[in-house]
Amino acid sequence: MARYCALIPGVSGVVGSGLARYLAAHQDWEVIGLARRAPAVKPPYPVVLADLADAAACRSQFGALTQVTHVLYCARASHAASSKEPIELNLAMLRNLLDAIEPIARGLSHVHLLQGSKFYGSDLGPYKTPACESDPRIAENNWYYAQQDFIVERSRGKNWHWSASRPHAICDAEPDIARSLPKVIAVYAAISKELGAPLSFPGTAENFSALYQCVDATLLAQAIEWITTNRACADQPFNVTNGDFIRWENLWPRFADYFGMPAGPVKTMRLAQAMADKAPIWTRIAARYGLRPLPYEKTALWSYGDFVFSPGYDIMSDTLKLRQTGFDRGLETGKMFIDLFDRLRAARAIP
Ligand SMILES: NC(=O)c1ccc[n+]([C@@H]2O[C@H](COP(=O)([O-])OP(=O)(O)OC[C@H]3O[C@@H](n4cnc5c(N)ncnc54)[C@H](OP(=O)(O)O)[C@@H]3O)[C@@H](O)[C@H]2O)c1
C-alpha cells in the first residue's frame with residue numbers, strides 16, 4: 001500500500017508530467033493528476049479535470065480527494081504573448097486549491113511549490129550568479145514571491161509543511177509536449193538538414209558562450225521526492241539543476257555530430273518567425289521517417305527556444321544547499337541531451 005498520495009496540479013505540463021510518471025512508478029506513491037484538459041495520452045493514474053481559477057468548481061470537484069498527503073504544485077497560468085506570468089491569477093489558483101483541499105485532506109503533510117530561476121530575476125537581465133536561495137529578493141515583484149508569501153503564512157500552526165524547488169530549463173522526452181528544449185533543438189536541426197544548411201546556432205553570439213544550466217525532468221522529480229519526504233528540507237526553498245554548467249558553444253558540435261550534419265556558425269534569428277512557415281518541410285520529414293502524427297504547431301514551441309537562446313549573460317544557480325542535505329544525484333547535461341534525443345527518436349517524435 002502507498003505511503004503517500006500526491007496531488008499534482010499541472011500534470012499535463014513539462015514538470016507535472018515528468019513528476020507524475022516518476023512517482024507513479026514507485027510503490028510508495030499514489031498519484032492523482034489535475035489539469036483543465038485531459039493529457040493527450042491516457043496516463044496510468046487518475047486525472048481530475050478542474051479549472052483552478054474557479055473557486056466554486058474546486059470546492060465541488062475535490063470532495064473525494066481525502067487521501068492526499070502531498071500537494072506538488074506544478075500548475076502555472078501564463079500569457080501567450082509574454083514570458084511574465086500573471087501574479088494575481090497564479091496566486092488565486094493556489095489559494096483556491098488550498099481552500100478546497102485543506103478541509104478535506106486531513107492527512108495533508110506537505111505542499112511543494114515549483115519555482116525557478118526567475119525568482120532571482122534571471123529573465124530580466126544580468127543578475128548575481130551563482131544565485132543562492134538566501135539571496136535577497138529583486139525589486140520587481142513576481143508570482144513566485146506572491147505564492148511563497150502566501151504558503152508561508154498559510155502553513156503557520158498547521159500540521160503540514162511547505163517547500164519549493166527552483167529548477168531551470170527542464171528537459172524531458174515527452175513526445176507530445178512542445179515546450180521542450182530537446183525538441184526545439186532536434187526539430188530545428190532536422191529542418192536545417194532538410195534545407196541543406198549546417199547546424200548554425202540560432203541564438204545570440206553572447207548567449208552561445210555564456211554559462212547555462214538545465215535539469216532533467218526525472219532528476220527534478222527525484223529531488224522533489226527527496227525534499228518533500230525529508231523533515232530536514234521542510235519550510236525552505238532549494239535550487240535544483242543537473243549540477244554542472246554548460247556553454248552552447250561546447251555542446252553544439254556534439255549535437256551536429258549526433259544529427260549527422262556539420263556545425264555552422266552563429267546565425268542569430270527569431271525562431272518563432274523563421275520557423276513559422278516551415279510546416280510543409282516538417283510534414284515532408286515526418287512522412288519520410290514515419291513520425292507520430294502531431295500538428296506542426298505542437299512539435300516545438302519556438303518562442304521558448306528564443307527565450308532560452310537570447311540572454312547574453314550567465315545563468316547559474318548554486319545547488320550546494322540541496323547537496324548538503326544528502327541529495328547526491330547529478331547528470332552531465334551534454335549526455336542528458338543525447339539520451340533525450342535517443343528517447344525522442346525511439347518515440348518517433350524526431351527523425
Ligand atoms: N518548463 C521549464 O523549463 C521550467 C523551468 C523553471 C521553472 N519552471 C516552473 O515549473 C512549473 C511548471 O512549469 P511547466 O513548464 O511544467 O508548465 P506548463 O508546461 O506551462 O504547464 C502548466 C500546467 O498548468 C495547468 N494549468 C494551467 N492553468 C490551469 C488552471 N486554470 N487550472 C488547472 N490547471 C491549469 C496546465 O494544464 P491545462 O492547460 O490543461 O489546464 C498544465 O498542466 C512553473 O512554476 C514554472 O515556472 C518550469
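**Notebook: ligand shell, then helices**

I looked up the ligand shell first: 27 residues surround the ligand, and the closest are G10, G13, V15, R36 and G116. A residue counts as near a molecule if its C-beta atom, placed from the backbone, lies within 6 Å of it. This is a predicted model, in which local features need pLDDT of at least 70 and side-chain atom pairs count only at pLDDT 80 or more, while totals for chains, interfaces and linings use all residues. Residues are numbered from 1 along each chain as its sequence is written.

I sorted the shell by class and got 15 nonpolar, seven polar and five charged residues. Here Ala, Val, Leu, Ile, Met, Phe, Trp, Tyr, Cys and Pro are nonpolar, Asp, Glu, Lys and Arg are charged, and the others, Gly among them, are polar. Helix α1 (residues 14-24) gives the most to the shell, with three residues.

**Whole chain**

I noted 13 helices and eleven strands in the protein; these are DSSP runs numbered from the N terminus, H or I of at least four residues for helices and E of at least two for strands. The radius of gyration is 20 Å, close to the 20 Å from the globule rule for 351 residues, so the protein is as compact as a globular protein of that length. The radius is taken over C-alpha atoms, and the rule is 2.2 Å times the number of residues to the power 0.38. Of the 351 residues, 42% count as buried, meaning that 20 or more other C-beta atoms, placed from the backbone, lie within 10 Å of the residue's own.

**Helix α13**

I checked α13 (residues 333-346): its 14 residues reach 20 Å from first C-alpha to last, close to the 20 Å expected at 1.5 Å a residue. The expected span is 1.5 Å times one less than the number of residues. T333, M336, F337, L340, F341 and L344 are its buried residues. Seen down the axis of α13, they fall within an arc of 135°, so they line one face of the helix; the arc is that of the directions from the helix axis to the C-beta atoms. They pack against β7 (170-171), α5 (181-194), β9 (215-216) and α8 (248-258), contact being C-beta atoms, placed from the backbone, within 7 Å. R348 follows α13 and has a positive phi, near 55°.

**Helices α7 and α11**

I found A217, L219, L220, A221, A223, I224, E225, I227 and T228 buried in α7. In helix α11 (residues 302-309), the buried residues are W302, Y304, G305, D306 and F309. Those of α11 pack against α5, α6 (205-209) and α9 (271-274).

Methods:
Buried ≥ 20, exposed ≤ 12 C-beta atoms within 10 Å, placed from the backbone. Contact = placed C-beta atoms within 7 Å.
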